[in-house]
Amino acid sequence: MNRLVAGWRGDPRIWRRGIFLAAVAVILALVMLLHARIPNRIGNLGSLTETFLPWLGLLVPVLLVLALVRRSATALIAVLLPAIVWLNLFGGLISDKASSGGDLTVATHNVNADNADPSGTAKDVAASGADVVALEELTASAVPVYEKALASTYKYHSVEGTVGLWSKYPMTGVKSVDIKLGWTRAMRATVTTPAGQVAVYVAHLPSVRVKLEAGFTARQRDKSANALGEAIADEKLPRKILLGDLNGTMNDRALNAVTAQMRSTQGAAGSGFGFSWPASFPMARIDQIMVQGIEPVSSWTLPETGSDHLPVAARVNLATSS
C-alpha cells in the first residue's frame, strides 16, 4: 500500500491521465440515471437496457481497477458517479427486507412446455407450502399430469388456455382475460381465503427476442401488457395479486400499465434481486408476483426444477392494506 501511494504522490499527471476512463464512467452513470429517456424507436433499445440494468453495475469495479492501474485521480473520482447512481437505483434490493407473519403464501412458475418431468416439477412447487399456485406454459398433454400431481394438495383448480391456478381455498368467478393475443394466456379468479376474498390474476405475456437485425422485439408483449393493466385496473375487488411470467422486469417501461398500479413482492419484501431466468444462470427477474391492497411480508425464489425458469414465491398479509 505504501508503494502504491508513493507512486501517486507528487505526480502531476494523475489529473491528466485517464480522461477516456473518466468519460466512460460518466456515460455509464448517465445511462443508468436517464435509462427512461433511452428511446425505444430503434430495436426497443430502452427496454433492452432496462431489462439488464442491474448488470451495468459490474462495470463499476472494472473501471475502478483500470483507474488504479492507470494511476488516474480523475478517473477515480469519475467512477464514484456510476457507483452512487447504481446504489441509488438498486441498493435497497441488496438488504433482506423479509419479515415474519402473513396469512397467504403464493407461488408462480413457468413450467416450460418442453419440461421432461412435469410431475416432479409440480411436486417441487407444491413442496413450497404455497396456498395458491399459478402455472404458465401448460400444454394440453401435460395438464392431466399436473392435475394428478397437485390433486392431493390443492382441492380447487382451473386451467384457461396455457395458464392454470391451483388453490387450497375455494375459487369463484374464474374466467379468461383477453390480452389481445387471439388465444388464452391469462386468467382471473376470486380466491376466498380465511382472511377474505382476493382477486388473483395469472398471466404469461408474449416472449421477447433479441435479434441482430431488429434489436429487442417486444411489440406484442407491450400490447398485451397494456391490456393486462386495463383488466387489473377494472377489477372490483380491492385486494389483487398478479402471478406470472411477464417477460419483463420491474424496470422495463413497457410494463408500466401493470407496474404503475401494483407492487413487486420481491422489491418490497425480498432479499437480493430474485432473478428467475434462465434457471441455469439467472440474469433477470421476469417471473413476477405483484400485489395491490395487500402487504408483502417475504418473497423468494425456489430451487430449480425441470423448467428453464425458477419458481418464485411470496407470503403476504391480506389483513393489512398497502
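**Note on salt bridges and a helix pair**

1. R221 and D222 form a salt bridge (a side-chain nitrogen of Lys or Arg within 4 Å of a carboxyl oxygen of Asp or Glu), with their closest N and O atoms 2.8 Å apart. Both R221 and D222 are buried, a term that stands for under 20% relative accessible area, whereas exposed stands for over 50% and partly exposed for values in between (1.4 Å probe, protein chains only).

2. On the basis of these coordinates, it should be kept in mind that this is a predicted model, in which local features need pLDDT of at least 70 and side-chain atom pairs count only at pLDDT 80 or more, while totals for chains, interfaces and linings use all residues. Residues are numbered from 1 along each chain as its sequence is written, and side-chain values use heavy atoms, with hydrogens and water left out.

3. E295 forms a salt bridge with R263, and the closest N and O atoms of this pair are 3.4 Å apart. Because E295 belongs to strand 13 (residues 295–301) and R263 to strand 11 (residues 263–264), the pair ties together parts that are 32 residues apart in sequence; helices (H or I, at least four residues) and strands (E, at least two) are DSSP runs, numbered from the N terminus. E295 is partly exposed at a relative accessible area of 27%, and R263 is likewise partly exposed, at 33%. Salt bridges that share partners also join R221, D222 and D252 into one network.

4. A search of the whole structure finds seven salt bridges, including one between K180 and D178, whose closest N and O atoms are 3.6 Å apart. Here K180 is partly exposed at 42% relative accessibility, while D178 is exposed, with a relative accessible area of 51%.

5. Turning to the helices, the axes of helix 2 (residues 19–33) and helix 4 (residues 59–70) come within 10 Å and cross at roughly 165°, where axes are lines fitted to C-alpha atoms, for helices over the stretch in contact, and angles run from 0 to 180 degrees between N-to-C directions. The two helices are therefore roughly antiparallel to each other, the label for angles over 145 degrees.

6. In the contact of this helix pair (heavy atoms within 4.5 Å), L21, V24, A25 and L28 of helix 2 meet L59, V60, L63, L66, A67 and R70 of helix 4. By class, this contact has nine nonpolar, no polar and one charged residues, where Ala, Val, Leu, Ile, Met, Phe, Trp, Tyr, Cys and Pro count as nonpolar, Asp, Glu, Lys and Arg as charged, and the others, Gly among them, as polar.

Note on methods: Angles under 35 degrees count as roughly parallel, over 145 as roughly antiparallel, 65 to 115 as roughly perpendicular and the rest as oblique.
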